[in-house]
Amino acid sequence: MSGVKVLVPDDLGVKVLDESPVLEPIRYQPGAPWPADGDDAEVVVVGYENAPAVGARFADLPALRLVQTLNAGYEQWLPWIPAGVSLSNGRGAHGGSSAEWVVAALLNIFRDLRAFGDQQTARVWAHRSTETLIGKRVVILGAGDLAVNLAARLAPFEAEVTLVGRRARAGVRALDDLTDLLPGTDVLVAMLPADASTYRLVNADVLAMLPDGAVVVNAGRGGAIHTDALLAELTAGRLRAALDVTDPEPLPPGHPLWSAPGLLLTPHVAGSTEGAWERAWAVARDQLDRYATGGALTNVVAGPGTPAP
């Protein structure tokens with residue numbers, strides 16, 4: 001008996017899903033028509049890119065019921081999801097590696113590793129004390145997979161961590177409490193999805209409430225931070241920052257962020273580690289196995305099955 005037909009964008013996906021007794025993976029090319037044996041597919045797996053090229057052809061699949069992403073970010077796919085089709089994301093695949101990047105960035109900043117690297121290059125042996133992550137008060141904007149993973153990784157450093165979500169619940173403060181939290185914050189981390197409610201949430205007013213020397217980190221989506229407002233604080237030397245995502249992105253060669261003082265900048269690589277795609281496909285297979293056997297999907301973010309806010 002054949003399984004549920006799933007259109008997949010790469011050979012690793014074919015290999016992983018082919019091991020499932022309830023799935024029938026069919027390889028597709030993002031820029032080409034759907035394969036003839038996949039026109040009755042119920043599921044399409046997508047990556048981060050090619051949303052217009054692939055999404056515009058969802059309408060050509062009359063049996064389509066589920067679109068599964070390999071990334072936690074999914075906003076680029078929302079305009080293309082037909083009515084009655086669910087969208088499930090890759091939550092759980094990249095949270096650990098993204099959290100690891102934040103910890104690495106903070107250790108780099110507080111232990112001044114870049115300056116010690118410069119001393120090594122100059123063959124200068126100059127002892128001095130640095131800051132420490134121990135005891136730092138960290139506020140994380142977001143309460144999802146990335147934020148929970150970061151909180152767990154900061155715990156051994158004895159940092160004081162507060163998660164902030166849209167609404168208050170056990171272990172999570174509400175966005176309405178942010179004004180009270182910011183004056184005592186040493187590190188403000190944005191781990192937010194991209195939507196109208198998060199766009200430039202970290203603006204000039206928010207940044208002004210942070211104490212001198214605080215560190216602003218973005219490992220979510222670039223639009224969550226008002227770039228010009230952050231640049232003004234960095235140029236003044238009042239705040240420091242670590243950005244893995246930017247607005248705009250990719251960052252143009254002449255953009256002032258490249259030379260901003262007090263900034264650690266990486267090109268959207270927080271989740272780009274060894275085993276990243278294997279982890280992504282493991283999450284995808286779990287969701288697709290659930291779908292094929294009539295189980296409840298845990299990662300639905302749009303369409304039928306979306307959890308109540």
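Trainee: In strand S10, which residue is the bridge partner of Leu 188?

Mentor: This is a predicted model, and in it the strands S9 and S10 pair in the parallel sense over four bridges. Within S10, which covers residues 215-218, the residue that partners Leu 188 is Val 216.

Trainee: Are the residues on the two faces of S10 buried or exposed?

Mentor: In a regular strand the side chains alternate between the two faces of the sheet. In S10, Val 215 and Val 217 lie on one side, while Val 216 and Asn 218 lie on the other. Both faces are covered, and these four residues are all buried.

Trainee: In what order do the seven strands of the open sheet stand?

Mentor: The pairing in this sheet is parallel, and its edge strands, each of which pairs on one side only, are S8 (172-174) and S12 (263-265). From one strand to the next the twist averages 20°. Read across the sheet, the order is S8-S7-S6-S9-S10-S11-S12.

Trainee: At about what angle to S7 does helix H5 run?

Mentor: Strand S6 (residues 137-141) and strand S7 (residues 160-165) run parallel and are joined by five bridges, with Val 139 standing opposite Thr 162 in S7. Helix H5, residues 145-154, lies across S6, S7 and strand S9 (187-190). Relative to S7, the helix runs at about 170°.

Trainee: How far apart are the end C-alpha atoms over residues 104-270?

Mentor: An unreviewed UniProt entry lists residues 104-270 under "domain: D-isomer specific 2-hydroxyacid dehydrogenase NAD-binding". Over that range the chain is 26% helix and 17% strand, and the end C-alpha atoms are separated by 10 Å.

Trainee: Why does Val 283 count as buried, and what is its relative accessible area?

Mentor: Val 283 is found in helix H9, residues 276-292. Leaving aside neighbours within four places in sequence, Val 283 is in contact with residues including Asn 89, Gly 92 and Asn 299. Buried means under 20% relative accessible area, so Val 283 counts as buried because its value is 15%.

Notes
Residues numbered from 1 in each chain as written. Predicted model: local features only at pLDDT ≥ 70, side-chain atom pairs only at ≥ 80, totals over all residues. Heavy atoms only, no water. Pairing = 2+ DSSP bridges. Axes fitted to C-alpha atoms, helices over the stretch in contact; angles between N-to-C directions. Contact = heavy atoms within 4.5 Å. UniProt positions renumbered as here; feature names shortened; annotations may be inferred. Buried < 20%, exposed > 50% of the residue type's maximum accessible area, 1.4 Å probe, protein only.
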